[in-house]
Amino acid sequence: MKIRCLTLATTASVLALGCISASAQQVTGTPGSPTATTTIDGKLLPPPPPEFGGVINERASESKAWWAPRVVPPKGAPNVLLIMTDDQGFGAPSTFGGVIPTPAMDRIAAQGLRYTNFHSTSLCSPTRAALITGRNHHSVGFGVVGEISTGFPGYDSIIPIEKGTIGTTLKANGYATSWFGKNHNTPSYQSSQAGPFNQWPNGMGFEYFYGFVGGDASQWQPNLFRNTTAIYPFQDNPSWNLTTAMADEAIQHVKQLKEIAPDKPFFVYYVPGGTHAPHHPTPDWIKKISDMHLFDQGWNKLRETIFANQKRLGIMPDHARLTPWPKELPQWDSIGELEKKLFIKQADVYGAYLAYTDHEIGRVIQAVEDLGELNNTLIIYIGGDNGASAEGMINGTPNEFTTFNGVPVPVKAQYLWYPFWGSDKTFPHFAAPWAWAMDTPFKWVKQVPSHFGGTAQGVAMSWPGHINDVGGIRRQFHHVIDIAPTILEATGISQPDTIDGIKQSPMEGVSMAYTWDKANANAETAHTTQYFEMLGNRAIYHDGWVAATTPITLPWELSSAPPPDVITGYKWELYNVREDLTQFDDLAAKMPEKVKELQAVFDVEAKKYNVLPLDNTTLARWNTPRPSLTAGQTVFTYSGELTGVPASAAPSILNKSYTITAEVEIPKGGAEGMIVTEGGRFGGYGLLLSKGVAGVRRGKPVFLYNLLNLKRTIWSGPELSAGKHTIVFDFKSDGPGLGKGGTGVLSVDAKEVDRKSIEHGTPITFPEDETFDVGQDTRTGVAMLEYRYDPPFKFTGKINKLTFKLGPELKNPAQAKAELGPMPAPEPDPIEQSKSQKPSANIGKK
């Protein structure tokens with residue numbers, strides 16, 4: 001039986017069941033006095049202002065003052081700490097049978113419940129949009145990640161105003177709301193300093209934001225914001241890491257709040273970048289996990305170990321079966337010692353990143369306890385926003401943006417970065433087979449919504465005194481859209497009818513609070529039907545059955561092959577997940593009528609929740625035209641200094657001809673510094689005046705093109721004298737076609753000083769955590785050895801005018817992979833190589 005706490009009549013009876021009543025207004029203090037408070041019914045947000053209750057005459061001495069009561073949540077409403085990690089995988093943490101220690105998650109599970117049948121959407125920003133709204137991801141515009149949004153209601157990456165967030169609701173009811181970490185729900189084309197900001201955290205009900213915008217970010221030099229202002233605390237601070245800094249920020253924020261307003265409850269949405277690539281733990285964590293030798297026996301043995309742990313812990317029942325290893329991925333015993341050594345390093349760094357992330361989460365939880373607030377805090381800890389990621393391709397990569405540009409990095413080439421794996425010299429991702437292992441016992445990985453390997457997330461939930469079956473396990477089917485209704489039920493706050501005068505659509509999830517009572521440990525799930533869809537792949541859960549399409553494209557490959565027909569081109573599978581929790585036994589051939597029945601249910605849900613039109617293209621969507629501030633613009637003009645501009649608001653030089661003209665003024669004694677750049681160490685370009693060495697070769701105009709940290713091409717000219725100069729870099733593309741090369745000419749004062757051709761250009765994207773900067777370089781530098789500099793490398797002359805003129809697009813997405821051809825071997829970093837043991841000395845040794 002489901003407990004409907006919000007409809008019960010008395011606060012006392014509700015508190016006994018673990019939730020707060022919202023049935024009656026609660027007023028404290030003398031009405032009209034400065035100390036008076038009140039709850040609201042919450043139907044209209046913000047609430048209408050109350051009528052003035054005092055007396056107004058001509059003289060103040062004959063009048064009576066009156067203050068509107070301060071709005072507060074219902075009495076007993078808890079603090080809420082909502083935690084979600086990134087790309088984690090069901091079987092990765094120790095809490096759910098994994099070998100990687102996650103004591104913070106263990107702690108919450110021991111104090112509350114573990115949920116073993118909880119599901120995401122299979123991809124980052126769609127899950128996050130569903131989490132904060134309580135609606136399905138297509139319902140709130142996030143049918144895919146924002147970077148590949150398209151112009152349909154279910155896919156435009158805009159959360160509709162009639163589907164307000166949990167942050168907006170709690171804030172209007174008297175909560176202090178904040179968001180720390182990853183923000184993957186601001187449309188990429190609205191992520192610049194020019195706004196609009198209604199789709200930023202501050203515009204979605206979160207009063208304070210400290211984190212990064214986009215799918216991923218370096219933890220060493222992230223694209224970091226405080227509210228809507230870019231900040232750079234990592235400059236001149238090489239040991240700084242966002243994972244720790246974010247915990248510090250959240251701890252200080254909550255401490256400050258409770259010291260200033262001890263009775264005001266907080267809602268903290270805490271979403272670190274771990275364990276999404278880049279895997280960036282600190283060196284001490286890498287050593288700690290490496291010394292444990294957790295991954296030395298390889299991914300196949302790891303699956304067996306995790307599965308045995310899951311049965312021992314009761315995560316999986318005795319009758320559960322471990323799904324088979326896919327033929328598309330290599331068996332550990334089939335690969336050589338060279339590969340094994342590299343792959344173990346990749347996994348050690350990933351394991352260190354998860355352990356490090358969980359440790360910092362534990363610091364935040366401990367801070368809540370130290371403030372005396374733990375017993376009054378509902379903590380929800382979700383292990384990942386989708387399954388583990390296979391986006392490192394078959395062999396992994398030292399630079400995730402090689403994957404996004406369709407470029408595999410051979411194992412031998414990856415050894416150039418072996419000593420620095422996890423440092424800021426890498427943007428690393430592990431090999432795809434590790435992802436399959438981290439999703440034990442299920443099939444498939446991130447991006448795949450049809451199978452639980454893409455959607456199953458371990459969840460730990462505690463609220464001392466309210467969730468009393470401590471250490472219990474819950475197997476009811478639930479989905480990420482159920483979290484917001486659960487929070488509302490716990491706080492005794494109703495879903496609003498209107499926000500800012502806009503009629504709100506009902507939340508589509510159900511509360512999980514009924515599972516908190518030990519008597520309901522084995523109750524039937526309240527969430528009986530749930531569709532899944534991502535990139536054309538789909539499934540439907542209904543009354544204990546799942547019908548699912550068989551994935552056709554592989555998540556570890558960027559396929560250029562034309563996809564099959566999105567409606568007729570897929571085989572369907574069928575599973576009875578009441579009995580077959582791991583989707584081991586496909587019953588489709590035995591029960592075709594059941595498949596048809598469930599397909600019909602999917603069709604109904606798809607029409608209801610904006611899933612149509614179905615689209616199974618991938619690469620072609622990346623550069624879809626969107627309504628950005630730069631849409632249709634071909635001439636861009638700047639002067640002085642400008643930093644932190646995202647790619648969506650900057651001139652894109654990808655797959656086209658272009659001309660960059662810099663009119664600069666050089667002071668006496670010369671100048672140096674960055675004139676303009678986009679990207680950095682892992683791909684991009686820069687027009688600069690050289691730093692030189694001991695005053696030699698200083699002030700030379702240089703254009704440097706960094707092809708995904710694989711090859712750098714440099715154009716340079718003579719040192720500039722004092723006075724005004726015009727520097728021009730003109731590039732003529734060999735297109736059409738993605739990633740085509742071309743010929744660049746560098747000129748100074750109308751005189752050609754260098755001409756070179758490149759065989760390849762960057763086809764899809766520069767690093768998304770880097771930005772377009774004028775007058776300095778705010779994150780990582782594009783240079784390696786020649787013309788190397790240390791950011792921010794401010795320009796010491798004057799930029800009078802900087803102009804970009806862009807030619808037309810010359811790309812053909814359908815030919816992407818064929819157009820790229822073989823890419824160059826990676827370049828080593830000679831300076832960094834000289835600082836460490838040469839990796840070749842130990843290649844192949846155990």
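This is a predicted model: local features need pLDDT of at least 70, side-chain atom pairs count only at pLDDT 80 or more; totals for chains, interfaces and linings use all residues.

Trainee: How many helices and strands does the protein chain have?

Mentor: There are 17 helices and 33 strands in the protein chain.

Trainee: And what radius of gyration does the protein chain have?

Mentor: The protein chain comes out at 28 Å, which agrees with a compact globule, because 846 residues packed that way would give a value near 28 Å. The C-alpha trace spans about 85 × 85 × 50 Å along its principal axes.

Trainee: What share of the residues count as buried?

Mentor: 63% of the 846 residues do. As for contacts with a separation of 6 or more, 75% of them come from residues 24 or more positions apart.

Trainee: Switching topic: which residues does the UniProt domain annotation cover?

Mentor: The unreviewed UniProt entry puts "Sulfatase N-terminal" on residues 78–493. That span is 32% helix and 14% strand, and its end C-alpha atoms lie 11 Å apart.

Trainee: Now Phe 602. Where does it lie, and is it buried or exposed?

Mentor: Phe 602 lies in helix α14, which runs over residues 592–608. Its relative accessibility is 2%, so Phe 602 counts as buried, the cut-off being under 20%.

Trainee: Which residues does Phe 602 touch, leaving out those up to four places away in sequence?

Mentor: Phe 602 touches Tyr 531, Phe 532 and Glu 533, along with Arg 538, Ala 539 and Ile 540.

Terms used
Residues are numbered from 1 along each chain as its sequence is written. Side-chain values use heavy atoms; hydrogens and water are left out. Helices (H or I, at least four residues) and strands (E, at least two) are DSSP runs, numbered from the N terminus. The radius of gyration is taken over C-alpha atoms; the globule rule is 2.2 Å times the number of residues to the power 0.38. Buried means under 20% relative accessible area, exposed over 50%, partly exposed in between (1.4 Å probe, protein chains only). Contact means heavy atoms within 4.5 Å. UniProt positions are given in the numbering used here, feature names are shortened, and annotations may be inferred rather than shown by experiment.
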